[in-house]
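Please open the model in your viewer and keep the selection panel at hand. The stops below can be followed in order.

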Amino acid sequence: MDLKHMENGMGGGGGTVGNTGTLSEIDFQRLAQIIATSIQKIVQNVSTMQRMVNQCNTPQDSPELKKQLHQIMTYTNQVVSDTSNQLDEVEKCRERHLKIQRDRLVDEFTTAITAFQAVQRKTLDIKINQVHQAKANQYNIPKPPGSSNNTTNNGGNNSFFDDNIFGKKSQQQQQQQQQMQVQEEIDLQALEEQEKVIRELENNIVGVNEIYKKLGAMVYEQGLTVDSIESSVEQTSVFVSQAADNLRKASSYKNKIRKKKLILFSILTVVAVLILIVMIMQLRN
């Protein structure tokens, strides 16, 4: 799997929206679909990279494996960066009914980059250990035979035959030294490339950490919004409760007034009846 194939597999989902200001609901849904696809791609790539990392320092390890791992990791890091920018655009949509969908995307993206950073760190540890081991092995390179000054001098009594043997050994030593120098240059170049990859990995890890901070700030702002909504709901609940108490009090007062009116009306009725009875009795007399 090469980098070009992976880019084609995304279907052009790595672009971002360049508009400023608020985001319409149509644009929100379009971006949300792109973000969801990117998150799935990150999760799939992380799974592939985990298998590759587990094969490092095993019989399955090979330069081609390292190359593919580096390609996928570089590509995934770019997808993470693009998705982070797309989430910034999604935040411009302030429609309250889309908040749940927006929060779900943030949570899924956070989970995906957490797994991605774990693979990054594991890969970085492996490469650092490989560089340290390679540097340590440089000091254990065996010296070619006869390179030390331990040759004994027999007082110039060596024969012509001995001189020829010494000449052949000297040529062999020179060839071995040249081969060692070539191999050392190759090893040095490989170490420099490994150290370059390590620096790149370290920079990518720092970049993912920055995205973590941004997501944390985003979640914090969302928490403040939720707290504000909850506070408004609590205040509304208090107001409703107070209104209910006032209604109950008003109803109680109304009932008491009604009872007082009924009692007063009853008293007046009794008094009127008594007066009427007295008047009737006086008229009869």
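The tour goes from a nonpolar core to a pocket and then to an annotated span.

This is a predicted model, in which local features need pLDDT of at least 70, side-chain atom pairs count only at pLDDT 80 or more, and totals for chains, interfaces and linings use all residues. Residues are numbered from 1 along each chain as its sequence is written, and side-chain values use heavy atoms, with hydrogens and water left out.

Select M49, F109 and L215, the residues with the most contacts inside the largest nonpolar core, which has 40 residues. Such a core is a set of buried Ala, Val, Leu, Ile, Met, Phe, Trp, Tyr and Cys residues joined through side-chain atoms within 4.5 Å, where buried means under 20% relative accessible area with a 1.4 Å probe, protein chains only. At least two core residues come from each of α2 (25-55), α3 (63-90), α4 (99-138) and α5 (160-284), the helices being DSSP runs (H or I, at least four residues) numbered from the N terminus.

Next, centre on F109 and show its contacts (heavy atoms within 4.5 Å): leaving aside residues up to four places away in sequence, F109 touches I39, I42, V80, T83, S84, L87, I211 and L215.

Now select P63, K66, K67, H70, Q71, K127, A190, E193, Q194 and V197, which line the second largest pocket. A pocket here is an open set of points on a 1 Å grid over the protein atoms alone, where a 1.4 Å probe fits, with protein on both sides within 12 Å along at least five of seven lines; lining residues have an atom within 4 Å of a point. α3 gives the most to this lining, with five residues, and the lining divides into three nonpolar, three polar and four charged residues.

Finally, select residues 262-283, which an unreviewed UniProt entry lists as "transmembrane region", an annotation that may be inferred rather than shown by experiment. The span is 100% helix and 0% strand, and its end C-alpha atoms lie 31 Å apart.

Key: Buried means under 20% relative accessible area, exposed over 50%, partly exposed in between (1.4 Å probe, protein chains only). Ala, Val, Leu, Ile, Met, Phe, Trp, Tyr, Cys and Pro count as nonpolar, Asp, Glu, Lys and Arg as charged, and the others, Gly among them, as polar.
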